[in-house]
Structure formats: C-alpha cells, structure tokens
Amino acid sequence: MENYWQEKYSVQTGTEYELKELYTPPVKAGYRFLGWTMNKGGTGDLIGTPFKIVGSGFGGTVYNLYAKYEEIPFEIVYHLDGGTNHADNPTSLTGSQTLKKPVKEKHNFLGWYRDPDFEFYTTTASMTDDKTTTVNLYAKWQRVYEISYVSDQAKLTVEGDMSYRPRKNFTEDDEAFTVRLGPEYFENYLFLGWETEEGGELVQEAEIPIDPKEKKNDITFTAHYEKATTSGNEVRIHINYGKYRIYIKEGVTRLVVEDMYTSGYEKKMVDSVTVYYSGETPPEVLRRGDVAVSFIRDPEAVEDEFN
C-alpha cells in the first residue's frame, strides 16, 4: 500500500468543495490500483467521488488519502529451448520471486530474459505492468562443445590432451588453443596411433589447432591398440643389467614387447628382448619401437620359472 502527494487547492474558509476526480498514481507492476482510502496503509473502505473538502483558515486542512492495491496473480510460461527447469521455479505467482537456474545437456545457462531476442535480462519472475496476466521468460544458452579422448579397447581409459592445461570442452567465445596428443602405453597392448579425423590415418603424435569460432562441433580423438593374448599369470618378465627376458607359457600366441620400462620414477630404454617359450612355435610379437626380439625354445626354463 502506498500514498502519493495530491495537488494543493486554493479554497475559501468555510466553503465546501467537491473533487469529482482524484489523482491516479503511477503504475505499480504486479498490482492493480483499486482506489483511495482514509486509512494509513490503504486499509479500510474506498472513498468515492465526489470527495468533499471544506476550506479552513490557518494553513488549511490536510486530507490524507492512501492508495489501495491488490496483487495480480499471473501465470509464467518458460521457454526452455530443450532445457529442464528447476523444480523451485513457480508456474504461477503474485508479487515476485528470484529464479533459479535450469539445466541443459552440453550447455551453459546465460540467464533469464523477458523477450525472445534476449535484450531484457532478469533474475526474477514478476509483472512489468498492472494488466498482463501471463509472463513469458526465455532461457538463454551457450553451447559447450566436448572433446572426447577414447580408446578402441573397452578396458583402456586414455588421458588424451597432454598440454599444460588439458582441454575437455570449449565454447565459441573461447580463444584458439592446441590439443597435444602422444602415445599412451598399457601393459599387453600395442599403441597404434591416434585417429584425429574419422577414417583418417593414425598418427603417433599430433598437435591439433582448434579455433572455437570456426570449429563448432563435438570432437572425438580415438586411440587405437592391438591386444596381446597374455595375462599376468602367463608371463614372467626379468630385467637385469639392461637385459630384458620374457618367459611365456605355451598358450600365449601374441606378445607385446616394450622399448622402455619403468624402474621407480625412472624410465629406461630397452633395445633388445629375449623371449623364452615352451610351445612348438614362437608367439607373434607386437613391437613397440625398434626393439630387437630373439626367441629361445626352452620348455625346462619356462617350467622352472613358473614353479
């Protein structure tokens, strides 16, 4: 409830006057003006017109009139453009309420707007006049493009970008950046290379420049591998004084040999490997790097190693 200054009138003492029209206050958004009352706060009955006043001396008489309003209930229509609204955002309201953020997969929420052209930003649901009974609110979104680093082997999880600040996503407002890819090694798997474009040639290493103002789509980099037919209880590896010996059981038909191994925090290079096997034929060797591989069929040595 509000009160406003009424115009002053020049009157003669003792003379009665009738005011046929009373001042109409400014629009109060979300409220309907009902009229004037004589009670502070706009309570009580409305006064009618004509409203009678009587002239008096010694500065005159002050007639205090108070504006009386009623809240206008209104419906809210959310235009979410495929998003999901927050459960606490109302669908009908009187007065105003602060709005919470909706969500949309692969998008950032940029705010609520009162128009589809996103010119009139708002944080609340409320009326802007004293007549409308439906309020339209529009969610503005920013597409987030995802960069995925995957393996063609279901059990392998690759890291992907080896930059100082690895990127998992970007928006069109981001600055240009570079994704750096390199080999990712896993035991019993031979790294073949990265597929940086669908169906493209595999590369061991690559620096991929990305300009978000031009590249507006999700990106997937796929690491390709070949898998050995080995498990931890079928292979024994010994590394002594730079000599790399591998003992394998008869059921192993494919083996991955490495050109490096890790000793504590130190990576050491290996240029040759000797494979001891007990079957009739040596296994297929998947080589990582230029490591040289020699085979020795020695069933007794293999049996001793696993006993």
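**Core, rings and salt bridges in a predicted model**

Visitor: In which strand is F170 placed?
Guide: The model shown here is predicted. In it, residues 169-170 form a strand that includes F170. That strand is β13.

Visitor: Is F170 buried or exposed?
Guide: Buried residues have under 20% relative accessible area. F170 has a relative accessible area of 0%, so F170 is buried.

Visitor: How far apart in space are F170 and I47?
Guide: In sequence, F170 and I47 are 123 residues apart. Taken from C-alpha to C-alpha, their separation in space is 63 Å.

Visitor: Which element gives the most to the largest nonpolar core?
Guide: The largest nonpolar core has 19 residues, and I147, Y149, V179, W194, I210 and F221 have the most contacts inside it. Two or more residues come from each of β12 (145-151), β14 (177-181), β15 (189-195), β16 (206-210) and β17 (219-227). The element that gives the most, with 4 residues, is β17.

Visitor: How many aromatic pairs are found, and what is the geometry of F191 and W194?
Guide: A search of the whole structure finds 18 aromatic pairs. Planes over 60 degrees apart count as edge-to-face.

Visitor: Which residues are linked into a cluster by ring pairs?
Guide: F191 and W194 are both buried, and both belong to the cluster.

Visitor: Why does R32 count as partly exposed?
Guide: Partly exposed lies between buried, under 20%, and exposed, over 50%. R32 counts as partly exposed because its relative accessibility is 33%.

Visitor: Which strands hold R254 and E284?
Guide: R254 and E284 form a salt bridge, with the closest N and O atoms 3.3 Å apart. The two residues are 30 residues apart in sequence, R254 lying in residues 254-257 and E284 in residues 284-287. The strands are β20 for R254 and β24 for E284.

Visitor: Where does E280, the partner of R297, lie?
Guide: The salt bridge of R297 with E280 has its closest N and O atoms 3.5 Å apart. R297 is in strand β25 (residues 292-297), 17 residues from E280. E280 lies in the loop between β23 and β24.

Visitor: Is E280 buried or exposed?
Guide: Exposed means over 50% relative accessible area. E280 has 66%, so E280 is exposed.

Visitor: What area do M38, V54 and Y63 have together?
Guide: V54 is in strand β3 (residues 51-54) and is partly exposed, with a relative accessible area of 38%. M38, V54 and Y63 form a nonpolar patch on the surface, and their accessible area together is about 240 Å².

Note on methods. Residues are numbered from 1 along each chain as its sequence is written. This is a predicted model: local features need pLDDT of at least 70, side-chain atom pairs count only at pLDDT 80 or more; totals for chains, interfaces and linings use all residues. Side-chain values use heavy atoms; hydrogens and water are left out. Patches are made of residues with over 30% relative accessible area and no salt bridge: like charges are joined within 9 Å, nonpolar side chains (Val, Leu, Ile, Met, Phe, Trp, Tyr) within 5 Å. Accessible areas come from the Shrake-Rupley method with a 1.4 Å probe; for residues, only the protein chains shown count as cover. A salt bridge is a side-chain nitrogen of Lys or Arg within 4 Å of a carboxyl oxygen of Asp or Glu. Buried means under 20% relative accessible area, exposed over 50%, partly exposed in between (1.4 Å probe, protein chains only). Rings of Phe, Tyr and Trp (its six-membered ring) pair if their centres lie within 6.5 Å; planes under 30 degrees apart count as stacked, over 60 as edge-to-face and the rest as tilted. A nonpolar core is a set of buried Ala, Val, Leu, Ile, Met, Phe, Trp, Tyr and Cys residues joined through side-chain atoms within 4.5 Å.
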